[in-house]
Amino acid sequence: MTGGPLVVLVGPMGSGKSTVGALLAERLGAPYRDTDADIVAAEGREISDIFIEDGEEHFRALERDAVAAALAGHEGVLALGGGAILDAGTRALLAGLPVAYLSMDVDEAVRRVGLNTARPLLAVNPRRQWRELMEARRHLYTEVARAVVTTDDRTPEEVAGAVLAALDLKKDA
Ligand code: S3P
């Protein structure tokens, strides 16, 4: 049993979880981990290939296990893939943890993610897909979050500072 993660970042694709997560890790002097990267490393293939070859359901099962392993074993900053909170078991594991939801509006999302084919869920009509994803997920992000931090018009450094303040963590390690 470990002390658990210092910060868990959730939020949609493109909200800056990886960039902000790395900055937070630096400021806190703690390791950074990303469950998407854990899955890619374990599978030896990209997430877009897992979706294409085995389907989303298979990816979600891999993701559920990767998140549970990371929550149990990581004491630093942890970023979860955008859809991880769809799983009720994952949401239960997140209860009581220092979870920050990085939120952003649709224009910002499309600007940042655009037609990035590495993001299979947004490959076609990103604006509409993103709206639909957020309608299905917004309440789940909010449910698991101890803090909701807006990323619109903020630099990653500003977002990282806002996360530390909102979670009441030390600001200048
Ligand atoms: C997904 C988000 C992605 C990745 C996969 C599915 C989602 O992670 O896990 O493409 O369902 O929102 P990022 O949020 O890190 O891009």
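Visitor: How many aromatic pairs does a search of the whole structure find?
Guide: Two. Rings of Phe, Tyr and Trp (its six-membered ring) pair if their centres lie within 6.5 Å. Keep in mind that this is a predicted model, where local features need pLDDT of at least 70, side-chain atom pairs count only at pLDDT 80 or more, and totals for chains, interfaces and linings use all residues. Residues are numbered from 1 along each chain as its sequence is written, and side-chain values use heavy atoms, with hydrogens and water left out.

Visitor: Why is the pair of Tyr101 and Tyr141 called stacked?
Guide: Planes under 30 degrees apart count as stacked, over 60 as edge-to-face and the rest as tilted. The planes of Tyr101 and Tyr141 are at 25°, with ring centres 5.0 Å apart, so this pair is stacked.

Visitor: What does the pair of Tyr101 and Tyr141 tie together?
Guide: Tyr101 sits in strand E4 (residues 99–103) and Tyr141 in helix H7 (residues 126–144), so the pair links parts that are 40 residues apart in sequence.

Visitor: And what makes Phe51 and Phe59 a tilted pair?
Guide: Their planes are 35° apart, at 5.0 Å centre to centre.

Visitor: Why is H1 called oblique to H8?
Guide: The axes of H1 (residues 17–28) and H8 (residues 156–166) cross at roughly 60° and come within 9 Å. Under 35 degrees counts as roughly parallel, over 145 as roughly antiparallel, 65 to 115 as roughly perpendicular and the rest as oblique, so H1 is oblique to H8.

Definitions and conventions: Axes are lines fitted to C-alpha atoms, for helices over the stretch in contact, and angles run from 0 to 180 degrees between N-to-C directions. Helices (H or I, at least four residues) and strands (E, at least two) are DSSP runs, numbered from the N terminus.
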